[in-house]
Amino acid sequence: MSDLKRIHDVLIEAVLAGGTEVLRVKKTGLLDARFKHGKELVTEADQRSDAAILAVFRSRFPEIDAGISFHLEESGETGGSTARRVGADPVDGTNHFACGGNLYAVQAHYVEDGLPLVGVVFQPEVYLPMDETAACAGRVVSAIRGEGAFTKRTTFEGDGFTVGESRFLRKNVLPQSGAFVACVPYGTKMAPEDRERARRVHESGIISSMTGAASAGANVMMTIFGGQHVYANFGAGEDLDLIPPQVIAMEAGLTVWGVDRRPPAWHVRKQPVVFAPDERVAEMFLRAAGL
């Protein structure tokens, strides 16, 4: 088994462990929601998911490569700055989750020198939420660069998840259009110049209908599975949010571009990125943003 495949399997184990803690907290209703850094919401689910993911990382990665460092949303960086790094967002879409929503994700990835190589996005309640049944149904979607993207259905069993058979994943084939169903976030995490880019796109006439899920990962899954043509994030998203779905989207056949019209490498935490069905559409959105 290749190292990337071993890393992939550990990342899936980690997000399933994190997702278990998220649902345990959700069942209690005691989210303990509070703000960090003045404007970012964090809950007990974020903290417990982060701890569970980090525990898997610490137990499993030394046997693969002791030089791999960790970067998690809540617990921060472990092992210093290295070219080989795994990262995780224990709850991507915390605001939505804290409102009782199910369109959040637990995400993890692996990069080498900023280049995304493995991505995993886990949505524990995307098919059947916990409000309907304790055995909620979701999906885990993953990809290794150059080896395709795959999805598996999951069911929560109270103390963990059962995972179904793997299915090969390709983007939906959509008709050509001059206006698109799209999500272009506009929010408090964005700098003024980021909001100005988003505003230009909103007013450009290329959005036929505005959509959106709760998290970067969930939005990219909508762009792949169906529900919107484009997800264009001009500053609200960060590497922990966007690296995992980038690997999956590229392997599923989408165009993923930064401002330089190339797939992003993540030597910085924040940068604009567009997920689109093809290069023509990606170019339209970057131009509409003034980029």
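Predicted model: local features only at pLDDT ≥ 70, side-chain atom pairs only at ≥ 80, totals over all residues.
Helix H1 spans residues 3-28 and helix H2 spans residues 44-60; their axes lie 8 Å apart and the helices pack at an angle of about 155°. Angles over 145 degrees count as roughly antiparallel, and H1 is therefore roughly antiparallel to H2. The crossing of these two helices is right-handed. On the H1 side, the contact is formed by Val10, Leu11, Glu13, Ala14, Ala17, Gly18, Gly19, Glu21, Val22, Arg24 and Val25. These residues meet Glu44, Ala45, Arg48, Ser49, Ala52, Ile53, Val56, Phe57 and Arg60 of H2. Sorted by class, the contact of H1 with H2 comprises 11 nonpolar, 3 polar and 6 charged residues.

The H5 and H6 crossing is right-handed. H5 contributes Ala216, Gly217, Val220, Met221 and Ile224 to the contact, and H6 contributes Asp241, Leu242, Pro245, Ile248, Ala249 and Ala252. Of the residues in this contact, 9 are nonpolar, 1 is polar and 1 is charged.

Aromatic side chains form 9 pairs in the structure. In one of them, the ring centres of phenylalanine 180 and phenylalanine 285 are 5.9 Å apart and the ring planes stand at 55°, so the pair is classed as tilted. The two residues are 105 positions apart in the chain, and the pair links distant parts of it: phenylalanine 180 belongs to strand E12 (residues 180-183), whereas phenylalanine 285 belongs to helix H7 (residues 279-288). Both phenylalanine 180 and phenylalanine 285 are buried. Elsewhere, Phe57, Phe61 and Phe70 make up one aromatic cluster. Phe57 is also among the H2 residues that meet H1.

Threonine 151 is located in strand E9, which covers residues 149-156. The relative accessible area of threonine 151 is 5%. Since buried means under 20% relative accessible area, threonine 151 is classed as buried. Leaving aside residues up to four places away in sequence, threonine 151 touches Arg139, Val140 and Val141, together with Glu165, Ser166 and Arg167, and also Phe225.

Terms used
Residues numbered from 1 in each chain as written. Heavy atoms only, no water. Left-handed = near helix turned anticlockwise from the far one by under 90°. Helix = DSSP H or I, 4+ residues; strand = E, 2+ residues; numbered from the N terminus. Contact = heavy atoms within 4.5 Å. Nonpolar A, V, L, I, M, F, W, Y, C, P; charged D, E, K, R; others polar. Phe/Tyr/Trp six-rings, centres within 6.5 Å; stacked < 30°, edge-to-face > 60°. Buried < 20%, exposed > 50% of the residue type's maximum accessible area, 1.4 Å probe, protein only. Axes fitted to C-alpha atoms, helices over the stretch in contact; angles between N-to-C directions. Parallel < 35°, antiparallel > 145°, perpendicular 65-115°, else oblique.
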